[in-house]
Amino acid sequence: MADRNRTHPRPTGSRPARPTRRAALLVAACALVAAGCSGGGEQSGPASRSARPSPHKAVVQGLPGMPPVLDARDLYAADRPNQLAPQVKDFPPRVYVPNTGSDTVSVIDPKTYKVIETIPVGVQPQHVVPSWDMKTLWVNNNRGHDLTPIDPATGKSGKPVKVHDPYNLYFTPDGKYAVVMASMDRQLVFRDPHTMEVRKTVPVDCAGVNHADFSPDGKYFIVSCEFSGELLKVDTAKMEVTAKQKLPFEGAMPQDVKISPDGRTWYIADMMADGVWILDGDHFGRPKLLPTGKGTHGLYVSRDSRHMYISNRGEGSISLLDFKTGELVDKWHIRGGGSPDMGGVSADGNVLWLSGRYNSEVYALDTHTGKTLAKIRVGLGPHGLAVYPQPGRYSLGHTGIFR
């Protein structure tokens with residue numbers, strides 16, 4: 001894609017026309033009212049170019065109440081190694097693993113690679129989700145129809161909160177709403193981010209809403225529908241579905257969704273198409289498929305924003321995508337095989353943690369070499385594990401999307 005910020009250089013040897021007094025006054029007036037007009041067609045220098053709003057400025061002027069983007073060229077600029085926010089910097093580093101078949105959360109000490117505690121939770125926990133303010137971890141008990149809060153400062157669980165069909169959980173970038181992915185109910189449920197009281201229920205006509213990510217300005221988000229092979233585009237402020245499309249693959253089963261650091265490209269993992277769909281979210285046109293491996297499932301951004309780790313659950317591998325070129329640059333295979341699913345990156349960026357969905361284990365991989373550092377036994381059906389704490393200013397949900 002062409003660089004939208006590129007300006008056309010003035011031809012060699014040419015000189016800008018000298019503006020008339022009338023033109024100069026017109027340019028000054030335009031600047032005062034920020035009208036963005038030109039000086040009668042005669043002014044082609046920096047003054048007229050700066051009057052036009054750039055894509056980066058549009059990002060900053062996003063969803064009201066959303067924290068300003070630190071770097072419009074990199075949505076993950078706040079996620080650099082060990083840049084922990086004040087409210088999480090003293091939390092003990094842990095890996096929280098929801099075991100869907102055991103109704104428990106295994107807690108792993110990442111220093112020793114050992115399970116140090118097992119927390120009983122509700123029926124069929126799917127994901128462990130950091131709250132928008134990053135002070136609480138919510139365990140999504142899908143079939144128990146509740147959320148179990150965990151205090152990451154102490155590791156202790158609290159009283160469950162009744163929430164129907166919480167397969168997955170996200171938070172709007174302004175922190176105003178929690179968004180429950182009610183997969184079987186076919187609903188997006190906007191709730192109070194603290195009490196979880198319902199604010200608006202949005203029925204959807206696709207099956208299996210499960211994963212999402214937000215646009216750079218926070219004004220819309222894209223949702224994958226696993227069981228009908230579709231994508232939704234949702235207006236954040238209006239809380240309305242604005243568009244829908246069917247993926248161009250028979251039997252498609254889209255999973256995780258992630259936006260590129262520059263905010264221009266969306267990636268959607270597809271476990272049946274065995275790759276990631278590449279989408280222009282603004283135009284929401286027909287996406288293209290990049291094959292990665294069998295059972296493509298989870299998508300995670302490196303701490304330097306250069307690569308994306310793509311878990312291929314059906315073949316026990318992780319593909320590396322270079323964001324700059326859009327090409328795959330490596331593939332790592334888990335020692336002895338496995339079923340890598342969901343997870344996250346350590347605070348220092350050195351370890352990729354993934355659940356082994358069908359093997360009752362968790363994998364730790366070196367992000368520099370791809371070497372399998374550990375395979376840790378946990379409960380049955382480990383799914384959306386959360387590495388915590390992680391760098392960032394606020395959480396958009398899932399197993400940890402931080403900006």
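Colleague: How many bridges join E19 to strand E20?

Modeller: In this predicted model, strand E20 covers residues 288–291 and runs antiparallel to E19. Within the pairing, valine 276 stands opposite leucine 290 in E20. The number of bridges that join E19 to E20 is 4.

Colleague: Which residue of E19 does tryptophan 266 stand opposite?

Modeller: E19 is also joined to E18, and the two run antiparallel with 5 bridges. E18 spans 266–270 and E19 spans 275–279. The residue of E19 opposite tryptophan 266 is leucine 279.

Colleague: Is E19 largely enclosed or left open by the rest of the structure, and how many of its residues are buried?

Modeller: A residue counts as buried when its relative accessible area is under 20%. E19 is largely enclosed by the rest of the structure, because the buried residues number 4 of the 5.

Colleague: Which residue in the turn between E18 and E19 has a positive phi?

Modeller: E18 and E19 form a hairpin with 4 residues between them.

Colleague: Which residues make the nonpolar surface patch of about 230 Å²?

Modeller: One member, methionine 272, is found in the loop between E18 and E19. At 42% relative accessibility, methionine 272 counts as partly exposed. The patch is made by Phe249, Met272 and Leu289.

Colleague: Is methionine 239 buried or exposed?

Modeller: Methionine 239 lies in the loop between strand E15 (230–235) and strand E16 (240–246). Its phi is near 55°, a positive value in a residue other than glycine. With a relative accessible area of 11%, below the cut-off of 20%, methionine 239 is classed as buried.

Colleague: Which strands stand at the edges of the open sheet of 4 strands?

Modeller: The order in this sheet is E3-E2-E1-E29, with antiparallel pairing. Each edge strand has a single partner, so one side of each is left without a neighbour in the sheet. Neighbouring strands are turned by 25° against each other on average, direction ignored. The edge strands are E3 (114–120) and E29 (386–388).

Colleague: Which residue in E29 does tyrosine 96 stand opposite?

Modeller: Strand E1 (residues 94–99) and E29 run antiparallel and are joined by 3 bridges. The residue opposite tyrosine 96 is alanine 386.

Colleague: Is the peptide bond from tyrosine 388 to proline 389 cis or trans?

Modeller: Proline 389 lies in the segment after E29. With omega near 0°, the bond from tyrosine 388 to proline 389 is cis.

How values were computed
Residues numbered from 1 in each chain as written. Predicted model: local features only at pLDDT ≥ 70, side-chain atom pairs only at ≥ 80, totals over all residues. Heavy atoms only, no water. Pairing = 2+ DSSP bridges. Axes fitted to C-alpha atoms, helices over the stretch in contact; angles between N-to-C directions. Patch = residues over 30% accessible without salt bridge, like charges linked within 9 Å, V, L, I, M, F, W, Y side chains within 5 Å. Areas by Shrake-Rupley, 256 points an atom, 1.4 Å probe, with all protein chains shown as cover. Salt bridge = Lys/Arg side-chain N within 4 Å of Asp/Glu carboxyl O. Buried < 20%, exposed > 50% of the residue type's maximum accessible area, 1.4 Å probe, protein only.
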